[in-house]
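Subject: Structure for your review

Dear colleague,

Please find below the structure that I am handing over to you. My findings follow it, and I would be grateful if you would read them with the model open.

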Amino acid sequence: MKRAQHIIVITAILLLQACVNVQPWERAVLAKKEMSPQGDSIINGLDDHIYFSKEGSSGGRSFGGGGCGCN
Amino acid sequence: MIARPHGSIRVPLRAACRTLFPERYPPPQPSAKFSLKPLVWVAMAVGLIRPAAAVEWQKDIAVLFYDEPGRVRAVEPVYGLKGDFGDDRWLNLKIALDSLTGASPNGIPPAARPQTISSASGSTQAAAHELPVDTNFKDTRIAFNAHWQQPVNENTIAGVGITFSTEYDYRSTGLNLTIDRAFNKNNTTLSLGVATSYDTIFPHAGIPRPLTYGGGTFSQPSPTDPNERKVVSDLLLSLSQVISANILWAITYGVTRANGYLTDPYKLVGVFYSTGQPEGGANACIGQPLPSSFLQGKAAGDPVVYCYEKRPSDRLQQSIYTGWKQYFTGDVWDIAYRYTHNDWGMDTHMIDTRYAWRLSRNWFVRPHLRYYQQSAAHFYRIGLAYGDPIPHDASGDNRLAKMTAVTTGLEIGQREASGRQWHIALEIYRQNWPHPPGAIGVQNNIDLIPDLQSLMLRFGMTLVDKH
């Protein structure tokens with residue numbers, strides 16, 4: 001069952017990328033700073049540092065900004 | 001400076017002027033202004049990067065003020081420098097200073113009677129029904145990151161980064177490597193990243209013996225070592241997909257392994273009197289029966305002694321993070337979800353959404369909502385029962401307890417076409433803990449983990465220098 005779910009997810013991802021065909025000249029919006037997939041790294045770093053010191057899990061999006069003795 | 005085309009002519013001219021007219025052209029004074037650019041020169045000197053014909057520098061300045069009323073207060077200024085060397089070559093530098101003062105919970109819950117707790121970090125007193133907090137909490141942390149990336153072939157970009165942070169009793173040094181490969185006319189990007197950090201902790205009073213008596217009537221055992229170490233390794237595998245000319249989607253699978261000293265040397269776990277327990281047993285972390293006079297008059301749930309906590313020396317976390325970003329005629333909506341599972345028995349869910357609403361050509365407001373929930377670690381205890389055998393691991397740190405947290409915020413800012421912008425955000429962070437399992441006797445009538453509300457005020461500014 002679990003294996004079937006994995007196959008469905010992977011197939012869906014492959015189908016999705018196969019049917020997307022945005023041309024370079026259509027990327028004006030995607031090139032905007034506010035559309036960056038990683039977001040604002042400075043703000044994300046500040047937020048992640050707070051949540052890292054207050055919660056039992058962290059990370060998942062990108063690498064942390066150095067260790068911390070706060071957790 | 002490295003991009004100015006006439007820089008090589010200006011320098012000898014200025015030197016000649018100083019020689020001919022020393023009064024009019026005094027020697028340069030050392031500047032007090034802080035800059036990360038010397039690091040760029042070092043990187044160039046060792047051949048890591050080479051000067052480009054034109055470099056666009058983006059400078060980011062941000063300050064975060066964090067306040068938990070009656071507890072911790074923090075101020076964190078950050079300075080970031082991002083250099084675009086052209087041809088997809090980027091240098092990112094960031095330095096952050098984090099200053100903390102105030103009081104932090106020490107792992108002991110409120111009790112029906114006043115408590116006095118002595119530990120390596122000092123003595124703490126709490127009135128009845130009041131949460132004991134370590135009032136000696138004070139630290140300053142400096143963190144530095146550098147990351148360089150450049151193409152290695154037509155569709156592949158590689159990156160290398162270093163991280164370093166130091167504080168009063170903690171130091172961390174790390175290295176990370178990333179590789180991004182674009183497919184499908186750049187509509188799909190696969191990324192692989194690995195990182196490792198080596199951390200050292202060196203409390204002023206040494207590392208306490210875990211699950212031994214932390215303070216009170218008996219003498220405190222000597223610390224085991226002056227310092228301890230841990231190694232944290234990460235692996236991230238990510239897929240970014242262009243869905244349409246206005247929509248981006250990304251999904252990341254991550255594995256984090258932490259190994260070494262994962263205990264918090266300042267956190268305690270309480271031992272509470274429990275009627276019906278055999279006196280003369282292993283007595284939790286005390287190791288020997290206490291004299292009966294010591295227990296006289298105690299009701300079930302009253303504190304007996306306080307011990308240093310102990311966590312497993314290994315933790316494996318897996319995570320799935322997925323984000324969706326969509327552009328609507330000037331507005332940008334993004335939503336992200338993260339699930340994590342670790343072998344300490346914690347499952348967490350996080351959902352975070354922001355909507356940047358463009359009010360005019362330059363002005364925007366951005367509401368923010370974040371929800372987080374976690375289950376408890378298997379060794380989390382609100383307290384140990386007197387008479388119980390010594391557990392293998394135990395911690396009273398409420399960050400390991402079952403919890404929900406909600407962040408609500410609003411940001412307002414101004415953005416110019418040149419890339420310059422500023423923004424200010426006010427956020428409220430609320431943490432809520434249900435009544436924990438394992439409470440004994442009178443503990444069931446006490447709010448053992450009081451809810452917490454924190455305020456965050458953040459200011460940020462971006463400047464772009466084009467040469």
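A polar contact is here a pair of N or O atoms within 3.5 Å; within protein, one must be able to donate a hydrogen and the other to accept it. By that rule, and with both residues at pLDDT 80 or more, 24 residue pairs are in polar contact between chain B and chain A. Strand 11 (residues 228–244) of chain B supplies eight residues to the side of chain B that touches chain A, the largest share of that side. Sorted by class, this side of chain B has 27 nonpolar, 30 polar and 20 charged residues. Please bear in mind that the model is predicted.

The extent of the interface is as follows. On chain B, 77 residues are in contact with 47 residues of chain A. The area buried between the two chains is about 5,000 Å², and carbon and sulfur atoms give 56% of that area. Within chain B, the residues that lose the most area to chain A are B:Lys325, B:Tyr327 and B:Arg399, which together account for 11% of what that side buries.

I turn next to the charged pairs. Side chains of opposite charge can pair when their charged atoms come close. The structure holds 18 salt bridges over all chains, and five are found across the interface of chain B and chain A. A:Asp47 forms a salt bridge with B:Arg458, with the closest N and O atoms 3.3 Å apart. Another salt bridge links the side chains of B:Glu68 and A:Lys54, at 2.4 Å from N to O. B:Glu68 sits in the loop between strand 1 (56–67) and strand 2 (73–84) of chain B, whereas A:Lys54 belongs to helix 2 (residues 41–54) of chain A, so this pair joins two chains.

With kind regards

Definitions and conventions
Residues numbered from 1 in each chain as written. Chains lettered and ligands numbered in written order. Predicted model: local features only at pLDDT ≥ 70, side-chain atom pairs only at ≥ 80, totals over all residues. Heavy atoms only, no water. Contact = heavy atoms within 4.5 Å. Buried area = accessible area lost by both parts, 1.4 Å probe. Salt bridge = Lys/Arg side-chain N within 4 Å of Asp/Glu carboxyl O. Polar contact = N/O pair within 3.5 Å; in protein donor to acceptor, adjacent residues only side chain to side chain. Helix = DSSP H or I, 4+ residues; strand = E, 2+ residues; numbered from the N terminus. Nonpolar A, V, L, I, M, F, W, Y, C, P; charged D, E, K, R; others polar.
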